[in-house]
Amino acid sequence: MRILGIDPGTGICGFGVIEGTTALDYGVIATPPHTPLPDRLEDIYNSLHEIIDQNHPDVMSIEKLFFKQNITTGISVAEARGVCLLVAKQYNLPIFEYSPNQIKKAICGYGQAHKPQIQEMVRLHLHLEQVPKPDDAADALAAAIVHSFVAKTST
């Protein structure tokens, strides 16, 4: 099963495509700062179409939103997440959602794991020479890996 993992964001939206324990593609969709939000969302929309067209995933695994303080940032991230969900629906991709704590616990065994721990576990699981950079790409790969774990246990 080919899984597209997404770490949603407006400025930086991480993506990672895996199949089994192989990373096929990963990186970020970066939108320019100080660009109007509708333009940034359009960039994410168009870029995600390209990523799906190039990689042909079977499912999308996306991180659920969690924010404590900055509601304004949370709203724009929610809008970017909505764009990702829309694109997945346009391709008829089944969508699976996992909270940050679920991802951390599945990847590291601890729901309060820190970024370096997650990055290293992603590197080990996917047999990568270096940790995936930037953090958003590693988080997207982690979301994909978590779904691969869930899919294995539900079959």
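Reply: A disulfide is a pair of cysteine sulfur atoms within 2.5 Å. By that criterion the structure, which is a predicted model, holds 0 disulfides. Cys13 is in no disulfide, and the nearest cysteine sulfur, that of Cys84, is 3.9 Å away. The model's local features need pLDDT of at least 70 and side-chain atom pairs count only at pLDDT 80 or more, whereas totals for chains, interfaces and linings use all residues. Residues are numbered from 1 along each chain as its sequence is written, and side-chain values use heavy atoms, with hydrogens and water left out.

Accessibility is described here as buried (under 20% relative accessible area), exposed (over 50%) or partly exposed (in between), using a 1.4 Å probe and protein chains only. Cys13 has a relative accessible area of 0% and is therefore buried. Cys108, with a relative accessible area of 25%, is partly exposed.

Arg81 lies in helix α2 (residues 71–90); helices are DSSP runs (H or I) of at least four residues, strands (E) of at least two, numbered from the N terminus. Arg81 counts as buried because its relative accessibility is 11%. Although Arg81 and Cys13 are 68 residues apart along the chain, their C-alpha atoms are separated by 8.9 Å. Leaving aside neighbours within four places in sequence, Arg81 is in contact (heavy atoms within 4.5 Å) with Pro8, Ile62, Glu63, Lys64, Leu65 and Glu97.
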